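Please examine the sequence and the model shown here before reading on. The paragraphs below are meant to be followed alongside them.

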Amino acid sequence: EIMQASHHRHGAVAAHASTFSMSEDVYILFDWWHATSSAGYAFSLAAVYAACVAHELLLGRRRSLRAAGTSSAPCGSRMLAACDAAEEILVVALGFAIMLVLMTFNGGIFCVVTLGVVSGRRIARRAAAGRGASPRVHSSAHESARNFLVSGSETLSERDESEHDLCHSV
């Protein structure tokens, strides 16, 4: 009912799209982000592309740090630990936002998200190779999920204990 009321003020009826459209008239995430012209649509596509690249770069950075056995926050530094937590929140929020953007079922947005993710991963892999990190650090989301399921016996408390041990062994 709330969704229908929201969409009625824009003159549209809430319906779940089951096919991709190529329309330039699209709402992206918020009521105020409504591309109605070619220029607005192009700007929106550029913003979505930038968000996808940024997400993959942040994700790649975090993977590299974890593979090296470190975090971005040295042990005992509360300010840097807070920055590390904020970075993790940003990575998760960007990932969810990108998923919601895809749910517009707009063909142009789908293509731009795909291009942005691939570009971001390639840049992150090059950056990791430049730092001497293994290219395997930047595995796909499917491989990460599979690894998680295989090692699903590890609980958060076990991970916290291992990070605690790492910090105090230095």
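The model is a predicted one, in which local features need pLDDT of at least 70, side-chain atom pairs count only at pLDDT 80 or more, and totals for chains, interfaces and linings use all residues. Residues are numbered from 1 along each chain as its sequence is written, and side-chain values use heavy atoms, with hydrogens and water left out.

The protein chain contains six helices and two strands, the elements being DSSP runs numbered from the N terminus (helices, H or I, at least four residues; strands, E, at least two). Read from the N terminus, their order is α-β-β-α-α-α-α-α. Of the 170 residues, 24% are buried; here buried means under 20% relative accessible area, exposed over 50%, and partly exposed in between, with a 1.4 Å probe and protein chains only.

Helix α2 comprises 30 residues (38–67) and, at 1.5 Å a residue, should span 44 Å; the expected span is 1.5 Å times one less than the number of residues. The C-alpha atoms at its ends are 43 Å apart, which agrees. Gly-69, with a positive phi near 80°, follows α2.

Helix α3 carries Leu-94, which is buried at 18% relative accessible area. Its C-alpha atom is separated by 6.1 Å from that of His-55, 39 residues away along the chain. Beyond its neighbours within four places in sequence, Leu-94 is in contact (heavy atoms within 4.5 Å) with Ala-51, His-55 and Leu-58.

The loop between α3 (78–102) and α4 (107–130) holds Asn-106, a buried residue at 2% relative accessibility. A polar atom of the Asn-106 side chain lies 3.1 Å from the backbone nitrogen of Ile-109. Among the residues that Asn-106 touches are Phe-20, Met-22 and Tyr-41.

The structure has six salt bridges, each a side-chain nitrogen of Lys or Arg within 4 Å of a carboxyl oxygen of Asp or Glu. In one of them, Glu-56 pairs with Arg-121, with the closest N and O atoms 2.9 Å apart. This pair links helix α2, which holds Glu-56, to helix α4, which holds Arg-121, across 65 residues. Glu-56 is buried at 4%, whereas Arg-121 is partly exposed at 23%.

Arg-62 forms a salt bridge with Asp-84 (2.9 Å between the closest N and O atoms) and another with Glu-88 (2.5 Å, N to O). Because Arg-62 lies in helix α2 and Glu-88 in helix α3, the latter pair ties together parts 26 residues apart in sequence. A network of salt bridges links Arg-61, Arg-62, Arg-66, Asp-84, Glu-87 and Glu-88.

How values were computed: A polar contact is a pair of N or O atoms within 3.5 Å; within protein, one must be able to donate a hydrogen and the other to accept it, and residues adjacent in sequence count only if both atoms are side-chain atoms.
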